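Let's take a walk through this protein, one corner at a time. Keep the 3D view open and turn it as you read.

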Amino acid sequence: MAKLALTPIDLMLLIVCMLPCCSAYAQNGDDMSKRLRHEISVGCGYGQLMSLDTWADEDDEWQAPSLHLQYLYNVNRHIGIGFMMDYARSSWSETSKELVSRYDERGRFIGAYIKETEYKEHTTWLTFSPTVRIYWFNRDRFAMYSRMSLGILTANGHDSITCVMPTFSPISVEWGSRQLRFFTEILSVGSLGLINGGLKYSF
């Protein structure tokens, strides 16, 4: 499989560099500025569903939670559209056993023992998705919403796959100020993790 030209860090830096342009656009028009049309969020999650048909195998040991970066444009008070990128890394291990015979210097059999060899590989998971968020209600300091997306997952390492990855977060809340809020999403299905949360900034 061909490797991606840009690393996750490169993509995050690219999006951050685009923020001044988005901010300048947001200031064009009083109504746009008052509604804080643009937002960017970062977060992490646990319990990722990394393919359509299976959870991570028991031998997979997650080295870190999934990390995600998201940009949203608020069409109105209730609907936001945008895109997000998720990054996760897992390690896979397996132990093989082999019966090894022992002989003395004359070549006579004197016994046997079991030799164990451990194999370990890593997998990097990247997901790129357009996303839609729907607010059920949105107050100045508290809001409740659902989020859904459908994107492409690529894996490189022990598992090398490319597939469609749906993500759905039915129960999500956020709290804080008008511009800066914390968020938590639970019972999420997909690459974000069963439980995930983070921080978002609106401008």
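Predicted model: local features only at pLDDT ≥ 70, side-chain atom pairs only at ≥ 80, totals over all residues.

## Tyr 73, in between

Is Tyr 73 buried, exposed or partly exposed? Its relative accessibility is 23%, so Tyr 73 counts as partly exposed; the buried label is kept for residues under 20%, and exposed for those over 50%.

You'll find Tyr 73 in strand β3, which covers residues 66-74. Now look for Phe 83, 10 residues away from Tyr 73 along the chain. The C-alpha atoms of Tyr 73 and Phe 83 are 9.3 Å apart.

## Rings that pair up

The structure holds 5 aromatic pairs, and one of them is Tyr 71 with Phe 83. How do you describe such a pair? You give the distance of the ring centres and the angle of the planes. For Tyr 71 and Phe 83 that's 5.9 Å centre to centre with 45 degrees between the planes, a tilted pair. Tyr 71 belongs to strand β3 and Phe 83 to strand β4 (residues 79-103), so the pair ties together parts that are 12 residues apart in sequence. Tyr 71 has a relative accessibility of 14%, so it counts as buried, while Phe 83 is partly exposed with a relative accessible area of 37%.

Tyr 201 and Phe 203 make another aromatic pair, this one stacked: the centres are 5.9 Å apart and the planes are 20 degrees from each other. Here, Tyr 201 is partly exposed, at 39% relative accessible area, and Phe 203 is buried, at 12%.

## Salt bridges

How many salt bridges turn up in a search of the whole structure? The count is 5. Zoom in on Glu 39 and Arg 133, whose side chains meet in a salt bridge with an N to O distance of 2.5 Å. This pair links distant parts of the chain, with Glu 39 in strand β1 (residues 38-46) and Arg 133 in strand β5, 94 residues apart. Glu 39 and Arg 133 are both buried.

Glu 39 also meets the side chain of Lys 200 in a salt bridge, at 3.1 Å from N to O. Lys 200 sits in strand β9 and Glu 39 in strand β1, so this pair ties together parts that are 161 residues apart in sequence. How hidden are these two? Lys 200 has 5% relative accessibility, so it counts as buried, and Glu 39 is buried with a relative accessible area of 3%.

Next come Arg 147 and Glu 185, with a salt bridge of 2.6 Å from N to O between their side chains. Arg 147 is buried, and so is Glu 185.

## Strand β8 and its neighbours

Strand β8 has two faces. Arg 181, Phe 183 and Glu 185 are on the covered face, and Leu 180, Phe 182, Thr 184 and Ile 186 are on the uncovered one. Strand β7 (residues 161-176) pairs with β8 in the antiparallel sense, over 6 bridges. The two strands form a hairpin with 3 residues between them. Glu 174 has Phe 183 of β8 as its bridge partner.

β8 also runs antiparallel to β9, and 7 bridges join these two. There, Phe 183 stands opposite Gly 198 in β9. Most residues other than glycine have a negative phi. Leu 187 has a positive phi, near 60 degrees.

## The largest pocket

Finally, find the largest pocket, with a volume of about 350 Å³. Its lining is made of 18 residues, and those nearest the centre are Arg 35, Leu 36, Arg 77, Asn 138 and Arg 178. The elements giving two or more residues to the lining are α2 (30-35), β5 (109-138) and β9 (195-202). β5 gives the largest share, 3 residues.

What kinds of residues line the largest pocket? By class, there are 12 charged, 4 polar and 2 nonpolar residues.

Methods:
Residues numbered from 1 in each chain as written. Heavy atoms only, no water. 1 Å grid on protein atoms, 1.4 Å probe; cavity = no way out; pocket = protein on both sides within 12 Å on 5 of 7 lines; lining within 4 Å. Points joined across faces, edges and corners; volume = space filled by probe spheres on them. Helix = DSSP H or I, 4+ residues; strand = E, 2+ residues; numbered from the N terminus. Nonpolar A, V, L, I, M, F, W, Y, C, P; charged D, E, K, R; others polar. Buried < 20%, exposed > 50% of the residue type's maximum accessible area, 1.4 Å probe, protein only. Salt bridge = Lys/Arg side-chain N within 4 Å of Asp/Glu carboxyl O. Pairing = 2+ DSSP bridges. Phe/Tyr/Trp six-rings, centres within 6.5 Å; stacked < 30°, edge-to-face > 60°.
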